[in-house]
Amino acid sequence: MRSSIISASLALVATVAAIPQELPKVNLESIPKLPLNIFAETPKFKEPVPFEVAKEKFRNATGSDAEVKREAITDSHLSARATCSNVRVRTEWDSYSDSDRQAFVDAIKCLMGRGPSGQFSQSKSRYEDLVALHQTLTPNVHGSDKFLIWHRYLTWTFEDMLRSECGFNRNMPWFDETRYAGKFAQSSIFSDKWFGGIALGGNCVTTGQFANLAINVGPGSGNQLHCLARAGDGSKTANCNAAYVNQCNAFSDFHGMADCAEGGPHAWGHNGIGAVMQDVYASPADPVFWLHHAFIDRNFRIWQNANSARTTSISGNDKAGNALTLDTTVNVYDMRPTVRIRDILDTTGTTLCYKYNY
Ligand SMILES: *[C@@H]1O[C@H](CO)[C@@H](O)[C@H](O)[C@H]1NC(C)=O
Ligand SMILES: [Cu+2]
């Protein structure tokens, strides 16, 4: 009886939520633009590592210059290990249809239009709950081997919220930054039709579907009202290239790969989009955060794909210096259940159940 009431009300929520929402109308003059340096003030992302230095680290660690060739995830490879039914696909933005793009944007707007859970006092919407979650856990989940694991679960939490709270029923997108390294501005992501401009020198985003977005969480570990701003820099995003991704994926150990990815394409993408995205604490306030992190997660998945032991074993330490084990917990503040590393190492396991289209 009780369960039928619950499922009936869940179905109602899903139906109501599927209606696209408009962002609250705001007057740009009422949203302060913050000086650019404020986003880089707090302890930064692992200082971005120049590609030449990453190569030297690899040589030092392995005594070799070898780069592994990128290995695509094939259906036959995945079906051998898939343990969930109906594996969802994450589709690269350029082959994601306009209808899917609009449904994705609408679902994000829907989360922005919903009230916060109340778990984070600084959050003014369900979307900002995610930003506040990331802000709160920032010191624990950056600059350590928990980085890739935790962000994989955060990105899935976001996806699951879009689906269960906003009726989203399409594939998730990801951004293949290697195709736009040094020229993110040329991707339709950063067009007036979708996420708005990038080369803004720290000014507010005033075009696209998130124009004039007001942010209440951050920058840093503080909170003040500010606009969504960007400061694109092609010389930084130039490091989000395939050679760098492959160099990181050439490490045979998890720690080596994860460390390289965090300070490499991950940090360069954040800093190269700039402003809100450069803020280690509250960068999920820019919705392009999810396209970027899906790219980083996809690179991790490609690395795992080269050797089946990589979906069943872990190495490295957490921020406190404790060794990660398969039983180490991964939590998102009860926004979704706490899981163990073993539950989410394989994206096609029963907990996550997704793969990338390449
Ligand atoms: C590589 O090893 C050399 C010699 O020990 C050291 O001087 C250099 O700093 C190392 N490079 C990196 C990037 O760790
Ligand atoms: Cu992060």
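Trainee: Which residues of H4 meet which residues in H5?

Mentor: In this predicted model, Ile108, Leu111 and Met112 of H4 meet Arg126, Tyr127 and Leu130 of H5. Contact means heavy atoms within 4.5 Å. Helices (H or I, at least four residues) and strands (E, at least two) are DSSP runs, numbered from the N terminus.

Trainee: What should I know about the numbering and the model?

Mentor: Residues are numbered from 1 along each chain as its sequence is written, and chains are lettered from A and ligands numbered from 1 in the order in which they are written.

Trainee: What makes H4 roughly perpendicular to H5?

Mentor: The axes of helix H4 (residues 98–113) and helix H5 (residues 126–141) come within 4 Å and cross at roughly 85°. That makes H4 roughly perpendicular to H5. Angles under 35 degrees count as roughly parallel, over 145 as roughly antiparallel, 65 to 115 as roughly perpendicular and the rest as oblique. Axes are lines fitted to C-alpha atoms, for helices over the stretch in contact, and angles run from 0 to 180 degrees between N-to-C directions.

Trainee: Why are H4 and H6 described as roughly perpendicular to each other?

Mentor: The axes of H4 and H6 cross at roughly 80° and come within 10 Å. H4 and H6 are therefore roughly perpendicular to each other. On the H4 side the contact is made by Phe104, Ala107, Ile108, Cys110 and Leu111, and on the H6 side by Phe158, Met161, Leu162, Glu165 and Cys166.

Trainee: How do you know which residues are the protein donors of the copper ion (ligand 2)?

Mentor: Donors are N, O and S atoms within 2.8 Å of the metal (3.2 Å for Na, K and Ca); water is not among the atoms, so sites may look incomplete. The NE2 atoms of His134, His142 and His151 lie 2.0 to 2.1 Å from the copper ion (ligand 2). The spacing of these donor residues in sequence is H-x7-H-x8-H.

Trainee: Why does histidine 134 count as buried?

Mentor: Buried means under 20% relative accessible area, exposed over 50%, partly exposed in between (1.4 Å probe, protein chains only). Histidine 134 has 0% relative accessibility, so it counts as buried. Histidine 142, at 6%, counts as buried too.

Trainee: What makes serine 144 buried, and where is it placed?

Mentor: Serine 144 counts as buried because its relative accessibility is 10%. It is placed in the loop between H5 and H6. Leaving aside neighbours within four places in sequence, serine 144 is in contact with Glu262, Asn317, Asp318 and Lys319.

Terms used:
Predicted model: local features only at pLDDT ≥ 70, side-chain atom pairs only at ≥ 80, totals over all residues. Heavy atoms only, no water.
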